[in-house]
Amino acid sequence: MKVNQPMTDVPFIEIEDLYFSRGDLDIFRGINMTILRGKVTAIMGPSGTGKTTLLKLIGGQLTPDQGRILIDGQDVHRLSRKALFALRKRMGMLFQSGALFSDLDVFENVAFPLRVHTDLPDAMIRDLVLLKLQAVGLRGARQLTPAELSGGMARRVALARAVALDPELILYDEPFVGQDPISMGVLVQLIKRLNQALALTSVVVSHDIKETLSIADYLYLIADGQVVAHGTPKTLDTNQDPRVSQFIHGEPDGPVPFHYPAESFYRDILGQASVTRAG
Amino acid sequence: MKRTKTMELGVGLFMLAGILGLVFLGLRVSGLTLSAPSETFRLEANFSNIGGLRPRARVTMAGVTVGRVEAIELDTEWYDARVVLSLNSDLEGQLSRDTTAAILTAGLLGEQYIGLSVGGDPDVLQDGDTIRDTQSALVLEELIQQFISNMVSN
Amino acid sequence: MQSKLKQGTAHIARLGRKGCDAMEALGRAGVFLAQSAVGIPSREGWGLWLKQVHFVGVLSLAIVLVSGLFIGMVLALQGYTILVDFGAEQALGQMVALSLLRELAPVVAALLFAGRAGSALTAEIGLMKATEQLTSMEMIGVDPLRRVVAPRLWAGFVALPILTVGFSVVGIWGGYLVGVEWLGVFEGSYWGNMQASVSFINDIGNGMIKSMVFAVVVTWIAVFQGYDLIPTSEGISRATTRTVVYSSLAVLGLDFVLTAVMFGGL
């Protein structure tokens, strides 16, 4: 497939020793990652481990407490506001909710990045938008408003908008959450196809194991603010670490407990735990 | 595209209505006149007491408004009040030299204004002239004082 | 004894923290206003601004005009019953016009504006924040302060003074309807007394200045509350309430200050 790709093993994003906390809660405690150009890299982990936060750090919307993130050699958090916005033109981001602009129709949503960042004539913008909408299979839905779209369709429009400027990097935030099997299949296909057709670098944040394993070239598994394992889908599948195998094979109980920390059920149900102490 | 056109029209009408409203307030409510200053001429009158007369008060003749009080200042030569009147230019060369100016009150508690009444002198007042014959404002306290002293002396 | 002392210091500490929070929010709001209001709108921004003027101005016109009409009518009715005791009912026009131009039109129009347009602005921006539209705009490389906030701010700055003019005009006309047409005040003295006592600069001009100040404050509060809220449904409803409460208090408080400066001889 990939002929003429001499730069396949060049890192595009480097995350070095990243610390981030929100209030008293430590979200990341020293994360290191390398994301290679032209690959699909998946970042996985249980809910609440700050995967979305990591994307926001990469996009420069949050600033880490310590450590740095390099994108194509530029330190994201040392850039001026102007340079940061210029860098963001080279990125696309697909949000969990789609985040389509509710006051614009489907066509104008996809045209939005083109209108604000280019001086192309209207006819050319129209062609480009229809091309992107064709790629996600929604050319016929161009006059609909975001409120009229189903969740899966909204996410596909958002994808078309994310690739409107032909970015070098796309960040996917939970692309598979809450999708029916058909739109899930469509999205998996689209992410894979786009990555190959446009020679993109993709970062997928997800906890849907099956779908993610099927498209990712490389995986990072984070838990408790640290990278617990990384490797290709194959090596992770056979990983013996209980934390890894619990997550990859979807076992309900294991090192990540099913129960939120609480006192013993027996005492709680009899109402003795607090009553006896108070009495 | 059509929707933005009607919206633009709506906003345009809205702003036009705002401007027209302001013009209405200016002309009808605050009584601004668009007439150029050349259409008026000025007369001066000295009063020993102007009472509550204020700038922009009316100047009337036989009850008809013919002008406004333009300025009120203290004349330090005679220590009385010099009132500058601006009158319709139609009256220029029509008012006799012995025209009298009196400060009158509309109703018991109403605003004060100036009433002019012409005399019989063949000479006429010109722009910038001074009205000699003036009658000061009635000051209620003085009236009461007079009344009381009259009663006592009787 | 000691625990009471401890409790007391805890209260004082909480008060201090509240004060710090308030000052911090005020600072944030100031930076926010400066950052979003300076952007001179581009050709495209013009269209966005137009759309917002339509939303906050044209669509608020009906409620403002109807309120203005009723307030003018009530003023004339109340004023007449008081003035007629002094035989001064010919001063009705003056009373109606001055109370409208100096106080009622700027204040009531601003309060209505806060309820009608301000709360809608807060909810709209808040919803855009909750659905990540603002974040995604930032990721596309467009500053939401300039794209979303600036047109709304400038639309509010322009719309409220126009609404205030409309309020005054309709109110004076309402006073005319009740005073002249119904209660039989002489028409000439209604307008004549009004014209003799209303000064364009001192009364109409100062009223407009008040209205512009209110426009800045109300729109600023509304837009900032929307931008700064916690993006949940509860957060949006709280921020909307806050917009109306804060704007109303700010308008009434500032009105006193402005009146003292303009008419109180301070």
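I take contact to mean heavy atoms within 4.5 Å.

**Ground rules.** I am working with a predicted model, where local features need pLDDT of at least 70, side-chain atom pairs count only at pLDDT 80 or more, and totals for chains, interfaces and linings use all residues. Residues are numbered from 1 along each chain as its sequence is written, chains are lettered from A and ligands numbered from 1 in the order in which they are written, and side-chain values use heavy atoms, with hydrogens and water left out.

**A:E174.** I began in the loop between strand 7 (169-173) and helix 6 (181-197) of chain A, where A:E174 lies. Helices (H or I, at least four residues) and strands (E, at least two) are DSSP runs here, numbered from the N terminus. Setting aside neighbours within four places in sequence, I found A:E174 in contact with A:K51, A:Q96, A:R155, A:V205, A:S206 and A:H207. Is A:E174 buried or exposed? A:E174 counts as buried because its relative accessibility is 5%; the cut-offs are under 20% relative accessible area for buried, over 50% for exposed, and partly exposed in between (1.4 Å probe, protein chains only).

**A:N239.** My next loop was the one between helix 8 (233-237) and helix 9 (242-248) of chain A, which holds A:N239. With 23% relative accessibility, A:N239 counts as partly exposed. Not counting residues up to four places away in sequence, A:N239 touches A:A229, A:V244 and A:S245. I also checked A:K56, 183 residues from A:N239 along the chain, and their C-alpha atoms are separated by 29 Å.

**Chain A overall.** I noted eleven helices and ten strands in chain A. Of its 279 residues, 46% are buried. Among chain A contacts between residues at least 6 apart in sequence, 63% join residues at least 24 apart. Taken along the principal axes, the C-alpha atoms fill a box of roughly 80 × 45 × 40 Å.

**Helix 2 of chain A.** Which residues of helix 2 (residues 81-88) of chain A are buried? I listed A:L84, A:F85, A:L87 and A:R88. They sit on the same side of helix 2 of chain A because they cover an arc of only 160 degrees around the axis, the arc being that of the directions from the helix axis to the C-beta atoms. These buried residues pack against strand 4 (66-71), strand 5 (74-75) and strand 6 (91-94) of chain A, together with helix 5 (133-140) of chain C.

**Helix 5 of chain C.** The buried ones include C:Q133, C:M137 and C:I140. C:G141 follows helix 5 of chain C and has a positive phi, near 95 degrees.

**Between chains.** Two pairs of chains touch, and chains B and C have the most contacts. Their contact takes 20 residues from chain B and 28 residues from chain C. I read about 2200 Å² of buried area between chain B and chain C, with carbon and sulfur atoms giving 79%; buried area is the accessible area (1.4 Å probe) that two parts lose on being put together, summed over both. B:F14, B:R28 and B:V29 supply 30% of the area that chain B buries against chain C, more than any other three residues. No contact joins chain A and chain B, and their closest C-alpha atoms lie 13 Å apart.
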